[in-house]
Amino acid sequence: MNILKNNRSKTGVAAVITAGGTSNRFGSNKLLENLANGESVICTTIKKFIPLCGTVVIPCRADVQEHIKSCFKNDLEKIIFAPFGDTRQKSVFSGLSTLAAIENRPKTVLIHDGARPFVEADTIKETVEKLKIYKGVCVGIYATDTIKIADKDGNILKTIDRTSVFQAQTPQGFDFNTIFEAHKKLKDENFTDDCCLLETLNIPVYALTGTLSNKKITFREDINF
């Protein structure tokens, strides 16, 4: 693979922001919808990471790419576009492979959902800080509702202890080489969550408590959250 010569990752921190989804449940491309701040979902999300990251890689479709270019005329030197895959895992691996090809490979990488624009700056900073100790960090919240297990016919089977239920969000942060090697080893799987790769390889992942507001936009009503 050719090495891309630049100084993009001299901060040591990079991000992969997934933006290749089809938004089937939303009804249109949710990443291009405007929020109350007057900016699109995807551009609001990217702006949260630009200040802390030397490089932001975005696996996305052509229309999203053109939209992002129009929003970031002054910060495009930090942004690299990558091919998206037909699964989230393949898109992330595409982004990681792009980072692996730059001259100054990052030490750590944050993987984030493009449709999660409400993440707070403090959450991103805390994730980076925890990566000084751990190889993997999963942002999320502990469940507050009673959690029940039901079968496919809708019958309640049991109630589980909610104090141990951790609802994963993003960003999920990693030592770059660790997550890149994990993706290469497990490239034929179909995980919807990057921490699952480390868990499968018995690499500890730290649960970092985030915020309830860090919601992923899935349905149209989520826009006005």
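The radius of gyration is taken over C-alpha atoms, and the globule rule is 2.2 Å times the number of residues to the power 0.38.

**View 1. The whole chain, a predicted model.** With 225 residues, a compact globule would have a radius of gyration near 17 Å, and the chain agrees with its 18 Å. The C-alpha trace spans about 55 × 40 × 35 Å along its principal axes. Six helices and nine strands make up the named elements. Helices (H or I, at least four residues) and strands (E, at least two) are DSSP runs, numbered from the N terminus. Residues are numbered from 1 along each chain as its sequence is written. In this predicted model, local features need pLDDT of at least 70 and side-chain atom pairs count only at pLDDT 80 or more, while totals for chains, interfaces and linings use all residues; side-chain values use heavy atoms, with hydrogens and water left out.

**View 2. Surface, burial and charge in the chain.** Of the 225 residues, 47% count as buried. Buried means under 20% relative accessible area, exposed over 50%, and partly exposed in between (1.4 Å probe, protein chains only). The accessible surface is about 11600 Å², and carbon and sulfur atoms hold 50% of it. These areas come from the Shrake-Rupley method with a 1.4 Å probe; for residues, only the protein chains shown count as cover. The chain carries 30 positive and 26 negative side chains. Lys and Arg count as positive, Asp and Glu as negative; His and the chain ends are not counted. The centres of the two sets lie 3 Å apart, with each charge placed at NZ of Lys, CZ of Arg, CG of Asp or CD of Glu.

**View 3. Strand S1 and its partners S4 and S2.** S1 covers residues 13-18, and six of its six residues are buried. Val13, Ala15 and Ile17 lie on one side; Ala14, Val16 and Thr18 lie on the other. S1 pairs with S4 (residues 108-113) in the parallel sense, over six bridges. Two strands pair if DSSP finds at least two bridges between them. Ala14 stands opposite Val109 in S4. Three bridges join S1 to S2, and these two strands also run parallel.

View 4. Five of its five residues are buried, so S2 is largely enclosed by the rest of the structure. Thr55, Val57 and Pro59 are on one side, Val56 and Ile58 on the other.

**View 5. Gly95 in helix H3.** H3 runs over residues 88-100. Gly95 counts as buried because its relative accessibility is 0%. Beyond its neighbours within four places in sequence, Gly95 is in contact (heavy atoms within 4.5 Å) with Val16, Val57, Pro59 and Ala82. Phe180 is 85 residues away along the chain, yet its C-alpha atom and that of Gly95 are separated by 9.9 Å.

**View 6. Backbone details at Pro171 and Asn202.** Most residues other than glycine have a negative phi, and most peptide bonds are trans. The bond from Thr170 to Pro171 is cis, with omega near 15°. Pro171 sits in strand S8 (residues 166-175). Asn202 has a positive phi, near 60°. Its place is the loop between helix H6 (195-200) and strand S9 (206-209). Asn202 counts as exposed because its relative accessibility is 71%.
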